[in-house]
Amino acid sequence: MRTQVGIIGAGPAGLFLAHLLRRAGIDSVVIESRSRADVEGTVRAGVLEHWVTVLMQGLGLGERMLRDGHFHDGITLQWNRQRHHVDIAGLTNGKHVTLYPQHEVLKDLIAGLLAAGNEIIFGAGGTTIRGAGTDTPAIDFRRDGAGPPETVDCDYVVGADGFHGPARQAIPAAHRTEYQKIYPFGWLGILTKAPLSWHELIYSNQQDGFALLSTRSPDVQRMYLQCDPADDIANWPDSRVWENLHARLDTADWSLTEGAIFQKGIIPLRSFVCEPMQYGRLFLAGDAAHIVPPTGAKGLNLAVADVLVLSRALEAQYRRNNPAGLAMYSATCLRRVWKAERFSWYMTTMLHSNDQETDFERRIHVADLDLVRTSESSARSLAENYVGLPFDDRHESG
Ligand code: FAD
Ligand code: DHB
């Protein structure tokens with residue numbers, strides 16, 4: 001088999017890239033290890049930045065999002081049992097974020113690609129990149145996990161295979177540097193069949209830890225609780241989950257509405273960046289190259305930002321024989337990546353309780369929160385980052 005761009009991974013990075021390339025008249029094949037049902041059924045992110053919703057509409061994929069998504073003009077921060085509304089739209093010339101779950105985005109992307117005749121190979125096994133540093137890279141894999149070995153010869157290979165995928169390891173260790181911070185807490189996430197409790201997301205930092213109130217639809221709500229990342233979910237019966245959510249979200253005159261919990265899981269929190277995001281004709285995109293803790297809702301959006309930069313660079317190469325964008329892909333992406341790392345770290349440290357911090361540091365975080373309440377420029381900075389920073393794809397380094 002032969003294609004122009006071989007893409008490993010049918011997550012947001014891989015699937016958005018396949019759409020962007022198709023629009024530019026560039027062929028691609030997506031190779032994914034999981035089944036379609038598994039990809040479409042995994043519950044993860046919920047928040048799309050303003051420009052991602054515009055991009056989805058531009059790709060002809062906006063119909064269900066416009067019908068079923070929820071457009072939020074602000075968020076609520078809570079500390080010391082007080083709530084403060086951050087007027088995101090008012091602070092960013094009318095931009096909003098959209099609550100539309102990642103797996104619904106993936107369903108739209110997959111249906112659109114298959115309808116256009118783009119190949120997605122689900123359930124592939126043994127995916128291996130060959131010749132990453134050469135002019136003739138290829139991807140080896142086995143259909144349905146254990147079929148006979150097959151090869152896709154490519155002009156370029158894109159590793160959009162998430163944090164645990166093999167693509168990053170295909171860059172020789174001497175050619176990459178990894179930066180990492182592991183947080184001493186994780187998130188316990190639930191889905192519950194309950195009505196909306198509040199009109200927007202609440203990010204709360206009460207003495208005993210962080211909680212986030214989010215939503216999926218008028219009768220399904222998403223909530224997260226700070227917990228020990230090594231804890232066993234079996235230690236969290238529903239009664240304990242509700243007790244902790246109430247303790248961290250309720251105020252004197254408001255109490256969270258409970259419902260039946262039908263999904264529950266624990267994730268660790270980390271910050272991670274691999275530099276550079278390119279080796280020869282192999283390009284990394286999304287979680288394969290960087291992870292942010294979810295507090296800033298940046299991970300999915302950053303994955304889409306990478307592939308927008310990459311698709312423009314590939315288009316310049318194929319259409320105008322101009323390699324400048326590809327040469328600067330990593331530097332261009334990393335400028336945005338590090339700003340998202342900074343914002344996600346800021347939101348995470350400001351909003352979580354951390355036993356390893358001193359009382360001095362705890363008071364600094366409360367001062368940070370109070371700055372958002374009292375200083376318009378602090379609130380605007382938070383709003384601009386939350387809704388998505390403008391694109392900066394100048395082709396120079398630094
Ligand atoms: P992934 O989504 O991980 O996709 C990679 C794909 O590659 C997977 O389908 C995987 O099966 C496949 N793969 C792996 N190995 C192989 C292989 N060997 N061969 C073939 N295929 C392979 N982000 C936000 O922007 N907003 C949020 O609100 C938000 N909330 C989150 C909440 C939670 C609880 C979690 C866990 C994450 C959240 N994120 C959020 C982060 C977001 O989900 C990720 O950043 C996003 O999925 C990254 O997309 P990706 O395409 O880079 O990687
Ligand atoms: C959701 C996830 C996040 O990480 C976040 O910051 C906000 C909302 C969600 O899953 O709804």
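The model is predicted: local features need pLDDT of at least 70, side-chain atom pairs count only at pLDDT 80 or more, and totals for chains, interfaces and linings use all residues. Residues are numbered from 1 along each chain as its sequence is written, chains are lettered from A and ligands numbered from 1 in the order in which they are written, and side-chain values use heavy atoms, with hydrogens and water left out.

- Helices (H or I, at least four residues) and strands (E, at least two) are DSSP runs, numbered from the N terminus.
- Strand 1 covers residues 2-8, and five of its seven residues are buried, so the strand is largely enclosed by the rest of the structure. Buried means under 20% relative accessible area, exposed means over 50%, and partly exposed lies in between (1.4 Å probe, protein chains only).
- Strands of a sheet pair through backbone hydrogen bonds, either parallel or antiparallel. Here two strands are said to pair if DSSP finds at least two bridges between them.
- Strand 1 runs parallel to strand 11 (residues 149-159), and six bridges join them. In this pairing Ile8 stands opposite Gly159.
- Strand 1 is also paired with strand 2 (residues 28-31), in the parallel sense and over four bridges. The bridge partner of Ile8 in strand 2 is Ile31.
- Between strand 1 and strand 2 the chain passes through helix 1 (residues 12-23), and this β-α-β crossover is right-handed. Right-handed means that, with the strands pointing away from the viewer, the path from the first strand over the helix to the second runs clockwise.

- Eight strands form an open sheet in the order 6-5-13-14-15-12-16-19, with mixed pairing.
- Its edge strands are strand 6 (82-86) and strand 19 (290-291), each of which pairs on one side only.
- Strand 5 (residues 75-79) and strand 6 run antiparallel and are joined by five bridges. Leu77 stands opposite His84 in strand 6.
- Helix 10 (residues 329-351) packs on this sheet, touching strand 12 (177-193), strand 13 (202-206), strand 14 (209-217), strand 16 (260-275) and strand 19. Contact means heavy atoms within 4.5 Å.
- The direction of helix 10 makes about 130° with that of strand 16. Axes are lines fitted to C-alpha atoms, for helices over the stretch in contact, and angles run from 0 to 180 degrees between N-to-C directions.
- Helix 11 (residues 359-374) also packs on the sheet, where it touches strand 5, strand 6 and strand 13; its direction makes about 140° with that of strand 5.

- An open sheet with antiparallel pairing has three strands in the order 3-7-4.
- Strand 3 (47-48) and strand 4 (70-72) are at the edges with a single partner strand each, so one side of each has no neighbour in the sheet.
- Two bridges pair strand 3 with strand 7 (residues 97-99) in the antiparallel sense. Val47 stands opposite Leu99 in strand 7.

**The two ligands**

- Ligand 1 has 31 residues around it, and Ala13, Glu32, Gln102, Asp287 and Leu300 come nearest. A residue is near a molecule or strand if one of its heavy atoms lies within 4 Å of it.
- A nitrogen atom of ligand 1 is 3.1 Å from a polar backbone atom of Ser33. An oxygen atom of ligand 1 is 2.7 Å from a polar backbone atom of Leu300.
- Ligand 2 has 14 residues around it, with Tyr203, Ser214, Arg216, Tyr224 and Pro294 nearest.
- An oxygen atom of ligand 2 lies 2.7 Å from an N or O atom in the side chain of Tyr203. For the side chain of Ser214, the distance from an N or O atom to an oxygen atom of ligand 2 is 2.6 Å.

**Two buried residues**

- Arg176 lies in the loop between strand 11 and strand 12, and is buried with a relative accessible area of 15%.
- The side chains of Arg176 and Glu178 are joined by a polar contact of 2.9 Å. A polar contact is a pair of N or O atoms within 3.5 Å; within protein, one must be able to donate a hydrogen and the other to accept it, and residues adjacent in sequence count only if both atoms are side-chain atoms.
- Gln226 lies in strand 15 (residues 220-227) and counts as buried at 9% relative accessibility.
- A polar atom of the Gln226 side chain lies 2.9 Å from the backbone nitrogen of Phe210, and one lies 2.6 Å from the backbone oxygen of Ser353.
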